[in-house]
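Colleague: I would like to learn how to read a protein model, one feature at a time. Please give the general idea first and then the case at hand.

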Amino acid sequence: MYTNNSRGRKKKTKKPLICRVMNRIKTFITRVFRPDFAEFMERLQLIKSLLINYQQVKPLGIALGTGFIFIFWYIFCLPYPLFDAPVSQVVEDVHFELLSARIAADGQWRFPEPDSIPEVYVKSLIEFEDQNFYHHQGVDPFALLRAVFQNLSQGRIVSGGSTISMQVIRMAKRNPARSIPQKMMEAILATRLEFGYSKARILRFYAANAPFGGNVVGIEAAAWRYFGKTPALLSWAEGALLAVLPNSPALIHPGRNRIALLNKRNKLLDRLATKGIIDKTTCELAKSEELPEAPHPLPRLAPHLLDRVAREKGRLRIRSSIQLGLQERVMDLAQRHQQLLKFSQIHNLAILVADVRSGEVLAYVGNAPLAGAEHGEQVDVITAPRSSGSILKPFLYGLALQDGLILPNSLLPDVPMNINGYRPENFQEGYDGLVPASEALARSLNIPFVDLLRQYDYDRFHFQLKKLGMSTLTQAPGHYGLSLILGGAETKLWDLCGMYSSMARVLRHFPRYSGRYDPSDYRALSYLPLPAQIVPKLQDLSINPEVLSAGSIWAAFEAMQEVQRPGAEGEWQQFSTSRRVAWKTGTSFGFRDAWAVGVTPEYVVGVWAGNADGEGRPGLVGTLAAAPILFETFGLLPPTSWFDTPYDDLAKVETCRETGFRAGQHCPIDTSRVPKKALNSPVCRFHQLIHLDQTEAYQVNAQCYLPNQIVHRPWLILPPLEEFYYRQRHPEYASLPPFHPDCQSVVGNEASPMQLIYPRHLSRIFVPIDLDGSKSKTIFQVAHRRADAKIHWHIDQDFVGTTQTFHQFALEPPAGKHTLTLVDENGYRLEQKFEIILKQQRQ
């Protein structure tokens, strides 16, 4: 190309670089390839013209742009996360030992990436797969050259030359088809992997995702499936086997050419010995180990906890507070007792053990291991709402002390009771008349606690139970009524153990833990371990309890010690080495649930037994089905202590020796330590001063006896109904003496000696009509202070008959309203209205 200069001469100018290059390419093609390339040349001319038009774009700019695009792609070429395959859910004990695992969604046993890898495996893997692992940046040129030479010499592919980093990339891409471009891409991505992750992390990637045959992926799953142990316990033989296995994973299956697998393992062991990684003795011992046979089942020591963790936490690997050794022993105990209970058609049970001090759960058996799917083995009974039975009585006892309604041994009524149609009964169907509150708790008497709840008010009790941690009270207090204390509400074993452990923690001046854990770690208990830095400070912290004081809890636990223990445990007080436990049982209506909860300063243990489908069984009671399991579980725990007396929350008070109330002026006096909150409890009303003649056999008054000859004596005077049952249990009880024959008792001014047992109040009595049309009889009963007294019975002014000693009548009043009138031989009169309603029985 020529141009005119200033002198008019033609000056030769250089063509653009692109033109010269294109021309040379054209010349070369024309000389070498003689055939007609017309179409090709046309396209080449088009490219040339386009490039000439854009000759402003300098080659350096193109290179920079291309480089920037490549760098940008290189930075973001690795996916995040690197592996997105589903993994198994795993729960571990407090020392990171495997408790239970669930297979991944794709049917593979693939555990989450481990935090560490055993040294035996790491050294074996590097020796077998990538000897220069720590000396390259993702690609080993020497390994690639060696692979090319080996492949060419063998005439087939015997080595890929891939580093561990390149294999990680290949596994992350789900093992695509092998090809040279694919290998080049893996090499590039491997260098990026080396820039982004440490060598240790890359090894963990490999160990967690390498195939180990069948549906086993990753070293952790392989260690458990093939050797039944954690990777940390692998031997050199086992580590070497797992190092060579991903190279030929199918060889692990029985029936395959396992000799080849054995030879590969032994060859690797020899290489390790040659390099001095292991000594010759270790090598020979390792080579003598057999290959594993059929895969081992993974541990299923806490399957229900695993389900709960997955539901509440959503994390794939959870370190729990469970202690593996204790969990195994408690599981064995549960399995043994389930085999015994199933003969009574009782198929399910649950056991929970927790540390009182920290609230950490130490053993969690949500259901009997061998109950079977047909009996609801999969149900986690620990978190399932079940009828509470009488397991809540200690809380009412403590709250009544806290409120000053009673003292620990105050007498509570134990007589037939009918409150607006609600007729509670004791389990043994007997009556004591009056019974100390502590004894009523120890014996789990129903009627005294129904009366105590009536005094305390079930609305308040409902509110306090929710504050204590009972999460199942979803209805209004009126829905439960007085039955709240006898199983009218549902509760959970988790809640109960948390509530009892909270009581123990208050008594030991340990802090509550509500708010210390996540909301799903309900209140006082947690299956997650407490942070280590907090535990040493716990005993230095104190609290001001809002619901129950230490004194009230101490009195409740002292009474709960006296509950009669089952079997050989019944004589525990005879041995100084016996474990002191505050414990309580419960049995729901219809024999559907058996409870037992026990607490010491160190541990709380809860047991439930029954059927997951709610079927009741005759022998399903707390003392028979749950209590033996409770004390055997305590036998698995270290020795325990007992609670210190909380003197700061107790006060000395004079109490009535016979009634347990605060002493009145006519009471025999004892001195007792009672909760300070109970100092305002009622004064004894049962001891009164009576006036006797000189023989002390008759009551007298100033109208019939010389005042200076009257003997004044304090006397325990019980209401007639309570006295009727009380003297049957207490032969030493002295009834009130009769009046002297010469004295005229003023009827109406003296307390009535009679009291109706049934009907006690204005009642509607439903009388069933039998299938033959006849009416059933109604049993009327009355109590009199004098056992030999005569009582004359009238209904609607019509004389019915006379009774003596046993004052009851079977009568058939017609339907409608009536009046029952009773008159004793001294003229005392008692009236009670009632209504008879006939009720036809269904066929």
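Colleague: Where does Arg-192 lie?

Modeller: Helices (H or I, at least four residues) and strands (E, at least two) are DSSP runs, numbered from the N terminus. Arg-192 is part of helix α7, residues 180-196. This is a predicted model, in which local features need pLDDT of at least 70 and side-chain atom pairs count only at pLDDT 80 or more, while totals for chains, interfaces and linings use all residues. Residues are numbered from 1 along each chain as its sequence is written, and side-chain values use heavy atoms, with hydrogens and water left out.

Colleague: Which side chain of opposite charge is nearest to Arg-192, and what does Arg-192 touch?

Modeller: Lys and Arg count as positive and Asp and Glu as negative; His and the chain ends are not counted. A salt bridge is a side-chain nitrogen of Lys or Arg within 4 Å of a carboxyl oxygen of Asp or Glu. Buried means under 20% relative accessible area, exposed over 50%, and partly exposed in between (1.4 Å probe, protein chains only). Arg-192 is buried yet has no salt bridge; the nearest side chain of opposite charge is Glu-194, 10 Å away. For touching, the rule is heavy atoms within 4.5 Å. Leaving aside residues up to four places away in sequence, Arg-192 touches Tyr-74, Ile-75, Cys-77 and Leu-78.

Colleague: How many disulfides does a search of the whole structure find?

Modeller: A disulfide is a covalent bond between the sulfur atoms of two cysteines. Here the test is a pair of cysteine sulfur atoms within 2.5 Å. The search finds 0 disulfides. The closest cysteine sulfur to that of Cys-667 belongs to Cys-656 at 3.4 Å, which is too far for a bond. Cys-684 is in no disulfide either, and its nearest cysteine sulfur, that of Cys-667, is 3.5 Å away.

Colleague: Is Cys-667 buried or exposed, and what about Cys-684?

Modeller: Cys-667 counts as buried because its relative accessibility is 10%. Cys-684 is buried too, with a relative accessible area of 8%.

Colleague: What span should helix α22 have, and what is the distance between its end C-alpha atoms?

Modeller: The expected span of a helix is 1.5 Å times one less than its number of residues. Helix α22 (residues 622-635) has 14 residues, so it should span 20 Å; the end C-alpha atoms are 18 Å apart, which agrees. Its buried residues include Ile-629, Leu-630, Phe-631 and Phe-634. The buried residues of α22 pack against α14 (324-341), β8 (348-355), β14 (582-587), β15 (593-599) and β16 (603-610).

Colleague: What is the phi of Phe-591, and where is its place?

Modeller: Most residues other than glycine have a negative phi, and most peptide bonds are trans. Phe-591 has a positive phi, near 55°, and its place is in the loop between β14 and β15. Phe-591 counts as partly exposed because its relative accessibility is 31%. Phe-96 also has a positive phi, near 70°, and is placed in the loop between β3 and β4.
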